[in-house]
Amino acid sequence: MSTYGRTALVTAGVLGVSGLAVAALPARLRLRAEVRRRWRTWALAAPVYLGALFLGDGGAFALAAALGVVAVTEYVRMAGLGRAEHAVLCAAAVALPALAWRAPPLLDLRTAALLLLAAALPSLLGGNSASGFTATARTVFGLLWIAVPLTGLVTLGPTAAAVGVAVALGDVGAWCGGTFLGRRGALARPLSPLSPNKTWAGVLGAATTTALALLAVGAWNVPLWGAVTLGCVLGDLLESMVKREAGVKDAGSWLPGFGGLLDRIDSLLLALLLATVVTR
């Protein structure tokens with residue numbers, strides 16, 4: 001069975017079992033409504049993600065471009081960037097996956113140079129002497145954090161499907177690890193002051209479930225496991241850093257159970273970037 005087939009089978013099985021478990025949650029459980037909202041979002045998002053990748057590079061491009069435009073819009077709002085920077089980031093979120101689909105050899109130092117220039121142009125042409133450097137730096141960060149990693153949906157092929165499922169299960173494993181193992185002892189220590197609820201127990205839970213997920217879909221190897229685990233662990237902290245400086249709790253409010261799109265794909269973005277590095 002192909003990686004796509006195994007990934008789809010594992011995803012259907014996990015959604016089915018978890019759906020029964022969620023339906024059986026007692027009414028008195030405080031988090032029951034929140035867990036149900038999250039499961040419904042997963043049940044809708046998983047077929048869209050895997051279905052787009054199953055269509056091949058064209059579907060992967062469409063998925064990457066759609067996710068990129070929404071994600072950079074949320075990021076621009078948090079980072080306090082203007083319309084010009086928003087336009088640059090949206091254009092890159094569409095153009096980079098398009099190049100990965102139609103002209104992958106062009107994704108080299110030439111493209112990096114053009115991206116750097118594009119990030120600086122709004123401040124250069126607008127004469128932004130007060131905060132031009134900050135705006136340019138934040139635009140470059142948005143390119144590296146969102147637009148560049150999403151090209152991995154195209155370039156990684158079937159591995160992108162495996163990474164997506166492994167990250168999703170890794171996030172669940174991190175929550176379970178932190179909840180059941182992170183109450184006392186060494187594993188209860190916070191991983192970073194940026195997010196005190198993220199503990200070393202959560203790291204252990206993420207590492208375990210990502211390994212099991214990659215084994216189940218037939219994509220296991222140590223470098224990829226490391227990339228996915230680091231994505232699960234550090235991706236959320238990366239977004240927490242951005243949100244803390246912006247003074248917001250969530251990147252958005254439209255995605256039931258999660259907040260915004262960036263709140264859902266923060267781990268995936270870093271995992272895709274690192275997976276691209278280790279599979280080259």
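Reader: What volume does the second largest pocket have?

Author: The model is a predicted one. Its second largest pocket is lined by 20 residues. Leu96, Leu107, Leu115, Val148 and Thr151 lie nearest the centre of this pocket. The volume is about 440 Å³.

Reader: Which element gives the most to the lining of the second largest pocket?

Author: The elements that give two or more residues to this lining are α5 (109-126), α6 (132-150), α7 (152-155) and α11 (261-279). With five residues, the one that gives the most is α6.

Reader: How many residues of that lining are charged?

Author: The lining of the second largest pocket holds 13 nonpolar residues and five polar ones. The number of charged residues is two.

Reader: Which element gives the most to the nonpolar patch on the surface?

Author: The patch is formed by Leu29, Leu31, Trp175, Phe180, Leu181, Leu187, Trp200 and Leu204, with about 790 Å² of accessible area together. Two or more residues come from each of α8 (158-181) and α9 (200-216). With three residues, the element that gives the most is α8.

Reader: Why does Leu31 count as partly exposed?

Author: Leu31, one of the patch residues, is found in the loop between α1 (3-23) and α2 (32-54). Leu31 counts as partly exposed because its relative accessibility is 36%.

Technical notes
Residues numbered from 1 in each chain as written. Predicted model: local features only at pLDDT ≥ 70, side-chain atom pairs only at ≥ 80, totals over all residues. Heavy atoms only, no water. 1 Å grid on protein atoms, 1.4 Å probe; cavity = no way out; pocket = protein on both sides within 12 Å on 5 of 7 lines; lining within 4 Å. Points joined across faces, edges and corners; volume = space filled by probe spheres on them. Helix = DSSP H or I, 4+ residues; strand = E, 2+ residues; numbered from the N terminus. Nonpolar A, V, L, I, M, F, W, Y, C, P; charged D, E, K, R; others polar. Patch = residues over 30% accessible without salt bridge, like charges linked within 9 Å, V, L, I, M, F, W, Y side chains within 5 Å. Areas by Shrake-Rupley, 256 points an atom, 1.4 Å probe, with all protein chains shown as cover. Salt bridge = Lys/Arg side-chain N within 4 Å of Asp/Glu carboxyl O. Buried < 20%, exposed > 50% of the residue type's maximum accessible area, 1.4 Å probe, protein only.
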